Amino acid sequence: MSNTSFIAPVTLDQALDELAAPDKPAVLAGGTDLWPQWTSSVEPRPAKVLSLHRLEGLRQLTSQGGWLRIGAACTHTQLVNSREVREFSPALAAAAATIGAIQIQNQGTIGGNLANASPAADLPPPLVAAGARLELASRCGTREVDLDRFFEGYRKIDLRADELIIAVRVPKLPPLGREHFRKVGTRRAQAISKVVGSCRLVLSAKGVFTAAGIAFGSVGPTVIRCTDLEQWLIGRRPDLETAEEAERMTRETLRPIDDLRSSADYRKHVAGRLVFRWVQDQPDPAAP
Amino acid sequence: MMTESISTASPSMITRRWIINGEERTLRFSPLTRLLDLLREEEGLNSLKEGCGEGECGACSVMIDDQVRLTCLIMAAQLDHGARILTAEGLTHNDLGDRLQRAFGEGGAVQCGYCTPGVLIGSYTLLQANPAPSPEQVRAALAGNLCRCTGYTKILEAVTVAAAVEEVTGAAAAAEKVKEHTP
C-alpha cells in the first residue's frame with residue numbers, strides 16, 4: 001500500500017504554498033509523461049503529488065494586446081480546437097494535433113509538454129519560432145522568460161523548485177507572416193519524431209523578410225533555434241538563392257545524433273530541405 | 001484546500017462519487033491508484049485491457065465526460081466527483097452502442113478482441129460528436145487504438161456502416177414524420 005499523499009488545491013496561492021514547503025510535491029498536470037515514468041520505475045514514485053486539475057485559471061485561453069495567453073494546464077485538444085490559437089499561431093495548432101493520438105491530446109497539457117523538456121517534444125519548435133514567453137509563478141511573485149532561454153540543456157529547464165509554469169504567451173502572427181510546422185516520424189500518430197520543426201517568417205510589403213523564427217526538435221539535446229540563419233534572412237527575398245543558402249546554414253547549425261529513431265545525416269538533410277521549402281513558400285505581397 | 005490524505009501509518013484513502021455507465025458509484029482508493037486498476041479490479045469492468053500500460057495502444061480507452069481517455073495514464077484521484085465514465089460494458093441497451101457492436105460483429109471487425117472495447121469506445125465518442133464522419137476523420141479518431149491482428153480495414157468499414165445505419169434510420173424517421181403531417 002502506498003502512503004503517498006494527494007493534494008489538489010483550488011487556488012494558485014495554495015499550490016504555490018505547497019511548492020515552497022520543505023517536502024516538495026511532484027507536480028501532476030495531465031500525467032501522460034509522468035505515469036509511464038513512475039510505473040516503469042524510471043522515476044521513483046513520489047511521496048506527495050500536487051495535482052493541478054482543480055486550478056480553473058490554468059485552463060483559460062485569453063488574448064490581450066497582440067498576445068495570446070495560454071494557461072499552462074490547457075490540453076492539446078484545447079489548442080487544436082481553439083480559433084484563437086489557429087489565428088495567433090497556426091503552427092502551434094498543427095503541432096498539438098500531431099501529439100500522440102486523441103486520447104493523449106485530451107489528457108496532456110502545454111505546460112506539461114514544456115516542463116517534461118523532451119528534446120523530441122512537438123510544441124517547443126513552433127513556440128520558440130513564434131517568440132513565445134513563459135510566465136513562472138512562485139510565492140515570491142511572477143517572472144517571465146523567453147521560451148528559448150527556458151530550455152538550458154538536455155532535460156534541464158530554468159524552473160526553480162518552488163516555481164510553477166502558469167502560462168505560455170504567444171505573439172500574434174503578423175498579416176504578412178506565415179508559419180509552417182512539420183513532424184517527420186515513422187507513423188502519423190503515436191510516433192516520436194525523427195525531426196520536428198517549425199518556422200514563423202514575416203515579409204515586408206516590399207517582399208523582404210523582416211522577422212524570422214526557425215526551430216527544430218529531435219536534432220539536439222533540446223529544441224534548437226537557428227539564430228544565425230534567422231538574422232541572415234532579414235532583408236533578403238524568398239527566392240531560390242536565399243532558400244539554397246538557408247538550407248546549407250540549417251545543416252550547419254543542427255547537431256543531431258544517430259539513435260534508434262533515425263540517423264544524424266538523415267535528420268540534417270530533412271531539416272535542410274524543410275527550410276528550403278519554407279523560405280520560398282511565402283505570400284505574394286503584391287496580391288490583393 | 002483539499003488535502004485528501006495525510007501520510008500516516010494507515011494507508012490514506014480517497015473517496016469519489018462518479019457516474020459509471022449511467023449508475024452512481026462511490027469508490028474508495030489509495031492515492032496512486034490508476035483509473036485502469038480501479039475500474040477493472042474493484043468495479044469488475046473487464047472490457048478495459050492493459051495492453052502497453054504507457055499510453056501507446058488504446059486498449060484501456062474509456063469515455064470520460066464525452067472525451068476518450070486512457071485509464072492507464074490517469075490517476076483515479078484526478079477525476080473529481082460527478083465525472084461520467086462510459087466503458088464498453090455501457091454500450092449495451094444503447095442505440096449507438098448497439099449499432100456499432102452489430103456493425104463490428106457482422107463486418108468481421110473483431111478478431112482476437114483485445115483491442116475491440118477500446119476501439120468501440122473511440123468509435124462511439126466519434127459518432128456521438130460527428131454522426132457522419134469522413135473516412136479520414138474515422139482514421140484520425142482511431143489512430144490511437146492499435147490492433148495487432150491487422151484488422152484496420154474492417155474496423156474502419158464497420159464504423160462507416162454504423163454511421164450510415166444512423167443516417168438511414170434518421171432519414172426513415174424523417175420520412176415517417178413527413179407522412180404524419182401530410183393529410
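Predicted model: local features only at pLDDT ≥ 70, side-chain atom pairs only at ≥ 80, totals over all residues.
Side-chain values use heavy atoms, without hydrogens and water, residues are numbered from 1 along each chain as its sequence is written, and chains are lettered from A in the order in which they are written.

A:Trp35 and A:Trp38 lie 3 residues apart in helix 2 (residues 34-39) of chain A, which means that about one helical turn separates them; a helix here is a DSSP run of H or I with at least four residues, and a strand a run of E with at least two, numbered from the N terminus.

## Aromatic pairs and charges over rings

Over all chains, the structure holds 4 aromatic pairs, a pair being rings of Phe, Tyr or Trp (its six-membered ring) with centres within 6.5 Å, called edge-to-face if the planes are over 60 degrees apart. One of them joins A:Trp35 and A:Trp38 edge-to-face, at 5.7 Å centre to centre and with 75 degrees between the planes. A:Phe150 and A:Phe151 also form an edge-to-face pair, with 5.3 Å between the centres and 75 degrees between the planes; A:Phe150 is buried at a relative accessible area of 0%, and A:Phe151 is buried at 8%.

The charged end of A:Arg169 sits over the ring of A:Trp67, 4.6 Å from its centre, a description that requires NZ of Lys or CZ of Arg within 6 Å of the ring centre and within 35 degrees of the ring normal. A:Arg273 lies over the face of A:Phe276, 4.3 Å from the ring centre.

## Nonpolar cores

The largest nonpolar core has 67 residues, of which A:Leu127, A:Phe150 and B:Trp18 touch the most other members; such a core is a set of buried Ala, Val, Leu, Ile, Met, Phe, Trp, Tyr and Cys residues joined through side-chain atoms within 4.5 Å. Helix 5 (residues 90-96) of chain A supplies the largest share of this core, 5 residues. A second, separate core of 27 residues includes B:Phe104, B:Ala109, B:Leu120 and B:Leu126.

Beyond its neighbours within four places in sequence, A:Phe150 is in contact (heavy atoms within 4.5 Å) with residues including A:Leu114, A:Leu134, A:Lys156 and A:Asp158.

Key. Phe/Tyr/Trp six-rings, centres within 6.5 Å; stacked < 30°, edge-to-face > 60°. Buried < 20%, exposed > 50% of the residue type's maximum accessible area, 1.4 Å probe, protein only.
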